[in-house]
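Thanks for coming, everyone. Please look at the model on the screen while I walk through a few of its features.

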Amino acid sequence: MTFTTNSPQETMELAQRLAESLKGGEVIAFYGGMGAGKTAFTRGLAIGLGAGDVASSPTFALVNEYSGRLVLEHFDMYRIESWEDLYSTGFFDYLDTDRVLAVEWSENIEAALPDNVIRVEIRPGPEESQRLITILGWEGEL
């Protein structure tokens, strides 16, 4: 599924629709360059899960937790360069739980992602404010 959004608000609204269908235990892996809209999408997930407009980039904390209908764990893997780095984030402790994991810079941990991951690829659109968002591995409606 590929969607075009015309603003960060529309990106958040798309993510909110996805969040409403989540049951817990999903891993959502984001792909896209700096400023693509990964944090905006995560903000929409947090809002859709009832945690409010609380999501911010976890670049320095590596993981932020937001509590709502489901707990959302927001990872930033930008600085992860080795398995040792990845283990230090606690990432593996969150797998196979009822939490939703939103993972920015997933390309840095591709080998560690579960088979049933939901992939969200965000690319710039033809207009400056547009984003082309492709969601793979999700069977639900949006």
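I118 lies in strand 6. Strands here are DSSP runs of E, at least two residues, and helices are runs of H or I, at least four residues, both numbered from the N terminus. This is a predicted model: local features need pLDDT of at least 70, side-chain atom pairs count only at pLDDT 80 or more, and totals for chains, interfaces and linings use all residues. Residues are numbered from 1 along each chain as its sequence is written, and side-chain values use heavy atoms, with hydrogens and water left out.

Is I118 buried or exposed? I118 has a relative accessible area of 2%, so it is buried. The cut-offs: buried is under 20% relative accessible area, exposed is over 50%, and partly exposed is in between, with a 1.4 Å probe and protein chains only.

What does I118 touch? Leaving aside neighbours within four places in sequence, I118 is in contact with E26, V27, I28, A29, I135, L136, G137 and W138. Contact means heavy atoms within 4.5 Å. E65 is 53 residues from I118 along the chain, and their C-alpha atoms are separated by 19 Å.

Next, L101, in strand 5. L101 is buried, because its relative accessible area is 1%. Not counting residues up to four places away in sequence, L101 touches E26, V27, I28, E73, F75, F91, Y94 and L95.

Now the aromatics. Rings of Phe, Tyr and Trp (its six-membered ring) pair if their centres lie within 6.5 Å; planes under 30 degrees apart are stacked, over 60 edge-to-face, and the rest tilted. By this rule there are eight aromatic pairs. One of them is F75 with Y94: edge-to-face, 5.3 Å centre to centre, 80° between the planes. That pair links distant parts of the chain, 19 residues apart: F75 sits in strand 4 (residues 71-76), Y94 in helix 4 (residues 91-94). F75 counts as buried because its relative accessibility is 0%. Which residues do ring pairs link into a cluster? They are F75, W83, Y87, F91, F92 and Y94.

On to the helices. The axes of helix 1 (residues 8-21) and helix 2 (residues 38-48) come within 7 Å and cross at roughly 45°. So helix 1 is oblique to helix 2. Axes are lines fitted to C-alpha atoms, for helices over the stretch in contact, and angles run from 0 to 180 degrees between N-to-C directions. Under 35 degrees is roughly parallel, over 145 roughly antiparallel, 65 to 115 roughly perpendicular, and the rest oblique. Helix 1 contributes P8, T11, M12, L14, A15, Q16, L18, A19 and E20 to the contact, and helix 2 contributes A40, F41, R43, G44, L45, I47 and G48. Helix 2 is mostly covered, with nine of its 11 residues buried. Among them are F41, L45 and A46.

Last, backbone angles. Most residues other than glycine have a negative phi. D96, in the loop between helix 4 and strand 5 (100-104), has a positive phi near 60°. D96 counts as exposed because its relative accessibility is 82%. W105 also has a positive phi near 60°. W105 sits in the loop between strand 5 and strand 6 (118-124). W105 is buried, because its relative accessible area is 13%.
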